[in-house]
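Please look over the structure below before reading on. The briefing that follows goes through its parts topic by topic.

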Amino acid sequence: MSVETTTVSVPEGRPALLLAEYETPGACMKAAEKLRDAGFTKFDTHTPFPVHGMDAAMGMGDSKLGWIVLVMGITGLMTGIALITYTNGIDYPIIVGGKPAISIPAYVPVCFELTILLSAFGAVFGMFGLNQLPRHHHPVFESDRFKAATDDKFFVSVEYADPKFDADRTPELIASTHPNHIEIIEDTES
Amino acid sequence: MSAATTTDKTDYRTVGTGWANAWKIAAGVGALGLAGAGAGFAADAQRFSFSYLFAFFVFLTISIGATFFVLLQHLTNAGWSVTVRRTAEFFMSALPIFALLFLPIVANLDHLLPWWNGDHGATHAPAAAGEHGDAHAPAGTEGQHGDAAHPAPAHGEHGQHVAGHRMSDEQIEHSLHAEVMASKAWYLSKGFFAVRAVIYFLFWTFLALKLFRNSTLQDSTRDLKLTANSQAMAPAATFGLALTTTFAVFDWMMSLLPNWYSTIFGVQLFSTTMVAILSVLVLVSYAMRASGVSGNAITTEHFHDLGKLLFGFNVFWAYISFSQFFLIWYASIPEETVFFHLRWSNGPWKTVSLAILFLHFVVPFALLLSRNTKRYGGQKVLAFAAGLLLTMHVVEMYWEVLPNYAAQRGIGPQTAEALAPHWMDLACLLGVGGVYLAAVFYRMSQHPVVPVGDPRFGRSKRFENT
């Protein structure tokens, strides 16, 4: 079975991405499973809505974000303890309401808030980092057909930079998953 | 039910499993417990009253929590929780039985509530006043300095009522006490108390039976209007349940120490009910999955979400509990500090307080923080944390009720006798728990363990978190 293949060119560009368009989420997921089983790691799926089971089909492990949040949260906790100990206990000890200068209950609100604050920073900026955001351009947006990814079509993109990528065999592998269409997208950097 | 269908796992009925007979075991344990409690009542009515109130609250909070949980699902039109909602409905459906279980408390109100016979709990005053100052003893010399300075404004205010006289600390305590009690007399009166109790139980009975009937009727009729009806009543019912729960714990728990007040007390008990029912849901779902009675209806995804809610509500519980402590600790006003004076003075109850801090918050927090413990390893860690939280729920209720027993007998919180576990505590726990769980498990033996007629049932089985 041959699949229509077109190339989206940019000036001074070279092939960077193989973009396959599918009609159904099921076909898209099967393609992802095939790429996963062939050992690909630098590929992505683009769907108009979340597709259950796609993470497993793509062979994605659990997100590292939780660990980033944990480290940031503990940092916030330690910062709170250090801040209160220094300001209330060492730099300017003062008795308020008959409580000792270093008084554990008084630590709690500050430590709590700083833990939350830094955890939230860790979650937001960690997510940005893991997703390589902010990013102003991605070669996938060179494709006109790709606009349907927010409407009624399902896409798989494979990067030429993937160690498993082979200019001859990878398009064949993709073609065997019955996409509507395949596009080779060029980019000036990769 | 024919024999052919009872062996079919997709039938979701308990017929032919151990679950079908669980209510008989619970009823037997309950009867033994109540017999023991009855003997205890004959021997020492006051001690019985406190043991019984403790046991009553352990299970009442679970049942109220179940009702909150069910209402929450209807409020939010939740699809994910449909398969675990029925378990909560079983624990909700036995809420009316607490009207009967309340009768031994009615008979012993004079033992429990110091204000009941016009004695405005003055027995607290000597205990509290005599040891005033020790509460901050661990603070060191600076803390004591602050304490000495603190009562000065109180002297000033109350000195005005007895012009020309210098009052002793005890007299001040007493006059302040009488003033607080006089301002509460309209609320803490026998007639109003009785009217309120009747309102609570009527409302709870209506709510539990109505929501349970809507759900179980749907098993056979598949009528969508039943879901619509539950959802339509949910907003008003949530307000009603929040108000009745708040005032019920004001009446039956906070007024054990009638001169004390905490406006956050109702919220604190609400958070307790949610932690209790979510622990129960995790444990019962775990057992149902292990025994196969729930088939494939309760999945890793449901455990993950129950675990997230349990974690969230336990953090909420800690936040509210600390808020109550923190404001009282900072303000250090005698009529507010009396509650923590009984529980945070250097004495046996402080050990219990610290155990609650670590085993109800710190350890479960660490256990439930990770996504992995809620999804992987067969949820063993999640089930362990739920078991720990349920155990600590019992300890927390004990910690809420029993220090008042020592206080009413004039036993100072720094003496070892302030914490004196009694066999009646266990007898009442088994008695009340047995009766309540017999009612819960009886319902369980009569209906499918998941709401098979719910329009979202199929979606709930296939639900995924990602």
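In chain A, 82% of the contacts between residues at least 6 apart in sequence join residues at least 24 apart. This is a predicted model. The points below begin with chain A and end with chain B.

**Overall form of chain A**

- Chain A holds five helices and five strands.
- Along the sequence these elements follow the pattern β-β-α-β-α-α-α-β-α-β.
- The radius of gyration of chain A is 25 Å, whereas a compact globule of 190 residues would have one near 16 Å.
- Taken along the principal axes, the C-alpha atoms of chain A fill a box of roughly 85 × 35 × 30 Å.
- Of the 190 residues in chain A, 25% count as buried.

**The sheet of chain A**

- Five strands of chain A form an open sheet in the order β1-β5-β2-β4-β3, and the pairing is mixed.
- The strands β1 (5–8) and β3 (43–46) of chain A each have a single partner strand, so one side of each is left without a neighbour in the sheet.
- On average, neighbouring strands of this sheet are turned by 20° against each other, direction ignored.
- Helix α1 (residues 25–37) of chain A packs on the sheet and touches β2 (14–22), β3 and β4 (154–159) of chain A. The direction of this helix makes about 20° with that of β4(A).

**How the strands pair**

- Strands of a sheet pair through backbone hydrogen bonds, either parallel or antiparallel.
- β1(A) runs parallel to strand β5 (residues 181–187) of chain A, and four bridges join them. A:T5 stands opposite A:I182 in β5(A).
- β2(A) pairs with β5(A) in the antiparallel sense over seven bridges. Here A:A20 stands opposite A:I182 in β5(A).
- β2(A) also pairs with β4(A), in the antiparallel sense and over six bridges. The bridge partner of A:L17 in β4(A) is A:E159.
- β2(A) is largely enclosed by the rest of the structure, because seven of its nine residues are buried.

**One loop residue: A:S143**

- A:S143 lies in the loop between α4 (104–130) and β4 of chain A.
- Is A:S143 buried or exposed? A:S143 counts as buried because it has 21 C-beta neighbours inside 10 Å, and the cut-off for a buried residue is 20 or more.
- Apart from its neighbours within four places in sequence, A:S143 is in contact with A:V8, A:L19, A:E183 and A:I185.
- A:S143 and A:S63 are 80 residues apart in sequence, and their C-alpha atoms are 29 Å apart in space.

**Two packed helices in chain B**

- Two packed helices are described by the angle between their axes and the distance between the axes.
- Helix α4 (residues 82–93) and helix α12 (residues 190–221) of chain B pack at an angle of about 145°, and their axes are 9 Å apart.
- The crossing of α4(B) and α12(B) is left-handed.
- Which residues meet where α4(B) packs on α12(B)? From α4(B) they are B:R86, B:E89, B:M92 and B:S93, and from α12(B) they are B:A208, B:L211, B:F212 and B:S215.
- By class, this contact has four nonpolar, two polar and two charged residues.

**A covered helix in chain B**

- Helix α16 (residues 334–344) of chain B is mostly covered, with eight of its eleven residues buried.
- The buried residues of α16(B) include B:P334, B:V338, B:F339 and B:W344.

Definitions and conventions
Residues are numbered from 1 along each chain as its sequence is written. Chains are lettered from A and ligands numbered from 1 in the order in which they are written. This is a predicted model: local features need pLDDT of at least 70, side-chain atom pairs count only at pLDDT 80 or more; totals for chains, interfaces and linings use all residues. Axes are lines fitted to C-alpha atoms, for helices over the stretch in contact, and angles run from 0 to 180 degrees between N-to-C directions. A crossing is left-handed if the near helix is turned anticlockwise from the far one by less than a right angle, and right-handed if clockwise. Two residues are in contact if their C-beta atoms, placed from the backbone, lie within 7 Å. Ala, Val, Leu, Ile, Met, Phe, Trp, Tyr, Cys and Pro count as nonpolar, Asp, Glu, Lys and Arg as charged, and the others, Gly among them, as polar. Two strands pair if DSSP finds at least two bridges between them. A residue is buried if 20 or more other C-beta atoms lie within 10 Å of its own, exposed if 12 or fewer, and partly exposed in between; C-beta atoms are placed from the backbone. The radius of gyration is taken over C-alpha atoms; the globule rule is 2.2 Å times the number of residues to the power 0.38.
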